Amino acid sequence: MQIYLPIAEVSVNAFLLLGLGGLVGVLSGMFGVGGGFLMTPLLFFIGIPPAVAVATEANQIVASSFSGVLAHFKRRTVDLRMGTVLLIGGLTGAALGVFIFNYLKSLGQVDLLVKLCYVVFLGIIGSLMFVESLNAIRKSRKQTGPIKRKKHTWVHGLPFKMRFRVSGLYISVIPPLLVGVFVGILSAIMGVGGGFIMVPAMIYLLGMPTKVVVGTSLFQIIFVTAFTTLLHATTNHTVDMALAVLLLVGGVIGAQFGAVIGAKLKAEQLRILLAMMVIAVCLKLALDLLIMPSELYSLGAAGGH
């Protein structure tokens, strides 16, 4: 059943989109990630223009993050003060990212930028996760205790300190602001929530307790991705609602199955599976950029995406 996507200007099988949404939903339920860093490259593979894939995928992240953050509010594991500082940085970064995106779009280089960003970040994140997961499996066999957070790092010596009671921290607002800006830029250029970078940064750089990190990250991601979607919709007109709805339906259904599967596997096994998946997507994108296509030229309508 083919469906025409008016903004993407391509016809795609509706069941394929539902299936992709379901697959990423399963991953989201299993691993606790938004799935944007896997869904966006998958959209590239089925012929969706990168500019449309990036802007549209942010819709799905807003919806999945909103449902997740409600559960964390009930458990009182959201640090609103820290989330607000991250949000200020995130909104600034998102505006800057959309400006860079628009400039490169005017030069005709945005597709290359998006794909290169994915190859670099997925390669780094996937490799680090794989090594960390292997180390965690080795340590779990030795039955060592839980890893303790570092109480004092260079971050604690910076000025403009603020007390974050829920996180139990008294640190400078500069690192959270910079983390927010960086994740905001990535959100605008790559169509991701940025949780796969923000969560490790909040644990290892800021020293936040793990139980507070996920809820606070989701709180920030909702507003930054919503703001990013709004900017893309108004300045680039690259948000395809038909595509967004199909991905959302598939994602919501898939997440339920993913949560059931995830409950049956160990955390270390889940992380190593996710790392292998990230590396596989990275290699596929890299090969697409390096291998010469069968057709060197393609024709398209003037002014099309």
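How many residues apart are phenylalanine 219 and phenylalanine 223 in helix H8? They are 4 residues apart in helix H8 (residues 210-236), so about one helical turn separates them. Keep in mind that this is a predicted model.

A pair of aromatic rings is described by the distance of the centres and the angle of the planes. For phenylalanine 219 and phenylalanine 223, the ring centres are 5.3 Å apart and the planes meet at 70°, so this pair is edge-to-face. That label follows because an angle over 60 degrees counts as edge-to-face.

Altogether, the structure has 3 aromatic pairs. Another of them joins phenylalanine 121 and phenylalanine 182, with ring centres 6.1 Å apart and planes at 50°, so the pair is tilted. Phenylalanine 121 belongs to helix H5 (residues 110-141), while phenylalanine 182 belongs to helix H6 (residues 174-190), so their pairing ties together parts that lie 61 residues apart in sequence.

| Residue | Relative accessibility | Class |
|---|---|---|
| phenylalanine 121 | 18% | buried |
| phenylalanine 182 | 39% | partly exposed |
| phenylalanine 219 | 12% | buried |
| phenylalanine 223 | 40% | partly exposed |

Lysine 284 places its charged end over the ring of phenylalanine 45, at 4.6 Å from the ring centre.

Key
Residues are numbered from 1 along each chain as its sequence is written. This is a predicted model: local features need pLDDT of at least 70, side-chain atom pairs count only at pLDDT 80 or more; totals for chains, interfaces and linings use all residues. Side-chain values use heavy atoms; hydrogens and water are left out. Rings of Phe, Tyr and Trp (its six-membered ring) pair if their centres lie within 6.5 Å; planes under 30 degrees apart count as stacked, over 60 as edge-to-face and the rest as tilted. Helices (H or I, at least four residues) and strands (E, at least two) are DSSP runs, numbered from the N terminus. Buried means under 20% relative accessible area, exposed over 50%, partly exposed in between (1.4 Å probe, protein chains only). A charge sits over a ring if NZ of Lys or CZ of Arg is within 6 Å of the ring centre and within 35 degrees of the ring normal.
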